[in-house]
Amino acid sequence: MIPNRTVSRLRHILVLVMLGAAVAGCGTTQQTQFLHANADLGAIQKVAVLPFENMSTERAAADKVQKVFYLELLSLDVFDVVEPGSVARSVRPSEIGSMTPADFQRIGKELGVDAVFTGSVVDFAEARTGSTPTPEVTLQLRLIETAAGTTIWSTGQARSGASMSTRLFGVGGESLTQAARKMIRSELRTLLK
Amino acid sequence: MTRNTLLAAVALLLLAIPAAATMTADDIQPEGEPRVIVMPFENLTGSPEAVALVRDSFVSALQAKGWMIADVARTDLMLEESRVRYFDSLDESVRTRMTTVLASRGVISGVIYKYTAGRNPVVGLAARMTRADGTLAWAEVGALTAQDTERMLGFGRDADLPVLTRRVVGQMLDSFPKPDRSRARVKGAPRTFFMRSAASYRSPSLDPERPHLICVLPFENYSTHPDAARIVADVLAVKFAQSKGFDVVDAAKLRAAAVKARIGTFRFVTSDDLTRLAPAVGTSYFVRGTIFDFEDPDGRQGGDPEIQVELSIVDVDQSRVVLSAQHARKGRDYEGLLLLGAVTNTVSLTDRVMGEIVEAGLRPAPAGQAAVTAKGGRRVPERHSELRSRKGENQ
C-alpha cells in the first residue's frame, strides 16, 4: 500500500509536469519597441497610413495587414486619418521600402499631415497543429514625423505557434487576420500612456 | 347638347388639365390593376437557359400573389428598341418610358450568379423592384443548393435545377410588397450567437438619425473567382438598400455618370475621379472595398464556401473615412446543433456576411468615440490627451 505522503508528492509532481508541458507548448510572442527621446505624440494631429512593404510569401499580405491596421487606428480615435485614396495620389508603389526623409517631408506637405505610419509584413503564413490553423506573423510598424522625416515610434512583433488551448484541446485556432489584428491592437496601445 | 351643357363640359376639362399634369404613373394606373414589368435578368452563369427559367419563375410566383405582369413580348421589344445593354438596372429615361407605356408600378430586374448542375446543384441570384420614380421598392438575395433542401435522413432533397429555382424565387418573394401596397412581413436574418461580429468603425460625424445616400463601387479582387467582385458589390448594395441607415445609388445612374466623367474603369479610380463623379451621382459617399478570399464549392457536395472582405465608406468632399469594416467567414461557422445550419454556397454566405457588416456599420459610434474637445478651434478627440510624450522626461 502506497503511503498518503507519497501519493500527495506524486500528484504534485504530475501537476508540475503537466504545467511545464503546457507552457512549453504555448505560442511565442516577441516584441521590441522604440520611442524617440524627444517624442511628443500629443503634438501630432493628422496622420496618413502608407502602403505596407511585403516581405512575406503571401501576395496580398501587406494589403491585408495595412487595412487591418487602418481600421484599428481609426478605432483608436486619437488622430485624424487621411483616407487611403488621397494617400495613393502621393505615394508610388515602387517607392515603398526605399523612402528617404525627403520623401516623407514631401508627403507631409502634399497630404497636410504631421506624421505617417508605415509598416512591413515580414512573415504571414499559416501552419497547422493537427487540424487547427496556427498563424506565423511578424510585423514591424513605424511612425515618422514629416517635418524632419524622423522615426519617432517603432515597434516589431513576431507571433508563432499555437496557443495553450489549441495545443491541449485542439480548439481555438486563430486565423492570420485575427492574429494580425491582436498584434496591431497591442502595438497601437503602446502609443497611449 | 345644349349650350349650357357644352360650357360646363369645357369648364370641367379646363379644371381637369392641371390635376392631370401632376399625376404620377402610380396615379394613372387604376387601383385594381397592380402591374409590374419583369425584365430578363443579367446572367453571369454559363447557362443561357437560366434567364428564361428565372423570369418564368418570377412571373408565375408574382401572378400567384395577385400581381399582373406587363406583356413579356412587348417588354422585350421596348428593351430592344431602347438598345438596353445592361439588364441589372435601367436608365432613368428608359424606365420612365416603359412604366408609363406599360402602365406598371415598377420594374423587376436582377442578376443570376449561380446556376450550376452537379452532385450538389446550386441556384443563386439577386433581384430588385425599382419604382417608376427611381426609388427602390424591394430588393432581395436568394440562393439554395440541393443539400439545403435535404431534411432528416436525407429525405426531400431537390436536385432538379428548375425546382430549386422556383424555391429560391418563392423564398425571395416572401418579402415582396403586396398588390394592395401593404408591406409583406419580413423574416429577420438568423441570429448568430457566440460568433464574433464584423470588426467595424463608424465616425461620429455620420449622423445616425438620417439615411445617407451612398454609391457602391466595384471591389478590388484578390481571389481567383472572376465574379467575386460583382457578387460582393451587388449583394452589399442590396443589404445597404434594405437597411434604414442608407440609400444606394442605382447601378445605371453610376454607369451613366462614369461615362459622362470619362471614367473607363473603376479599377484604378482615384479620389480626384470620385470628386468629379460625386455631383453626377448625387453623393460624396463612396463605398470601396477589397475581397481577400472568395472560395466557391461550385456544386461540390460537402464543400465549404469562404469569404474575407474589407470595405470603407469614404467622404470624398472631406477626404475622410466615415465607416470601415472587415469580416471573414466560412460556411461551417454557421453550423449549429446536430451539425445543421452550415451555409453551403457562396451567394448565401456573401448575403449573411454583408448583412453582418451592414448591421455592424449601423451601430452608432461608442460614447468614447463621440467625445471631442475643441482645442484652438480644432476638433481633437479626448483620447488624444492620452498619447505618450517624452518631452517632460528629458527636461
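**The interface and the chains**

Analyst: In this predicted model, 36 residues of chain B are in contact with 39 residues of chain A, where contact means heavy atoms within 4.5 Å. Residues are numbered from 1 along each chain as its sequence is written, chains are lettered from A and ligands numbered from 1 in the order in which they are written, and side-chain values use heavy atoms, with hydrogens and water left out. Local features need pLDDT of at least 70 and side-chain atom pairs count only at pLDDT 80 or more, whereas totals for chains, interfaces and linings use all residues.

User: How much area do chain B and chain A bury between them?

Analyst: The size of an interface is often given as the accessible area lost when the parts come together. Buried area is that loss, found with a 1.4 Å probe and summed over both parts. Of the area here, 49% is on carbon and sulfur atoms, and the total that chain B and chain A bury is about 3500 Å².

User: Which residue of chain A forms a salt bridge with B:D293?

Analyst: A salt bridge is a side-chain nitrogen of Lys or Arg within 4 Å of a carboxyl oxygen of Asp or Glu. The rule finds two salt bridges across the interface of chain B and chain A. For B:D293, the closest N and O atoms are 3.8 Å apart, and the partner is A:K64.

User: Which residue in β7(A) is the bridge partner of A:Q140?

Analyst: Helices (H or I, at least four residues) and strands (E, at least two) are DSSP runs, numbered from the N terminus. Two strands pair if DSSP finds at least two bridges between them, and β6(A) and strand β7 (residues 150-160) of chain A pair in the antiparallel sense over nine bridges. These two strands form a hairpin with four residues between them. Within β7(A), the bridge partner of A:Q140 is A:G156.

User: Is B:A258 buried or exposed?

Analyst: B:A258 lies in helix α8 (residues 251-260) of chain B. Leaving aside neighbours within four places in sequence, B:A258 is in contact with B:I263, B:F266 and B:L277. Buried means under 20% relative accessible area and exposed over 50%, with partly exposed in between (1.4 Å probe, protein chains only). The relative accessible area of B:A258 is 4%, so this residue is buried.

User: What percentage of the 395 residues in chain B is buried?

Analyst: Chain B has 11 helices and 15 strands. Among its 395 residues, the buried share is 47%.

Definitions and conventions
Buried area is the accessible area (1.4 Å probe) that two parts lose on being put together, summed over both.
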